[in-house]
Amino acid sequence: MTRLRTDVACCPTGEGMVLLDERNGRYWQLNATGATVLQALLDGASPQQITDRLAATRPVLRERAAADVTALLDRLTRCGLVVDAP
């Protein structure tokens, strides 16, 4: 399961979501799809489940959805915004 770091604030917007890394004051903006993916991860869905949902509800090939979900999770992890929950 994935969770936000304790020093990352999250706020939904009309266009998606904004994250604030309070350690360095850096903001991150997610579009609507990115926000959907992150919220699903935070709610306990696996990347596989999110990929399946995107492929079923959006005009995107499953392979592309899987690559995008993986890329977003990797980027959020590398930037220190999310961690694996124990």
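Me: Contact means heavy atoms within 4.5 Å. Helices (H or I, at least four residues) and strands (E, at least two) are DSSP runs, numbered from the N terminus. Which elements are included in what covers the buried residues of helix 3?

Reply: The model is predicted: local features need pLDDT of at least 70, side-chain atom pairs count only at pLDDT 80 or more, and totals for chains, interfaces and linings use all residues. Residues are numbered from 1 along each chain as its sequence is written, and side-chain values use heavy atoms, without hydrogens or water. Buried means under 20% relative accessible area, exposed over 50%, partly exposed in between (1.4 Å probe, protein chains only). The cover includes strand 1 (2–4), strand 3 (16–21), strand 4 (26–31), helix 1 (32–42), helix 2 and strand 5 (82–84).

Me: Where do the buried residues of helix 3 fall, seen down its axis?

Reply: Ala65, Val69, Leu72, Leu73 and Leu76 are buried in helix 3. Their arc (directions from the helix axis to the C-beta atoms) is 95°, so these residues line one face of the helix.

Me: Why does Thr51 count as buried?

Reply: Thr51 sits in helix 2 (residues 47–57). Beyond four places in sequence, Thr51 touches Arg62, Ala65, Ala66 and Val69. Thr51 counts as buried because its relative accessibility is 3%.

Me: How far is the nearest cysteine sulfur from that of Cys10?

Reply: A disulfide is a pair of cysteine sulfur atoms within 2.5 Å. By this rule the count is zero. Cys10 is in no disulfide; the nearest cysteine sulfur belongs to Cys11, at 7.3 Å.
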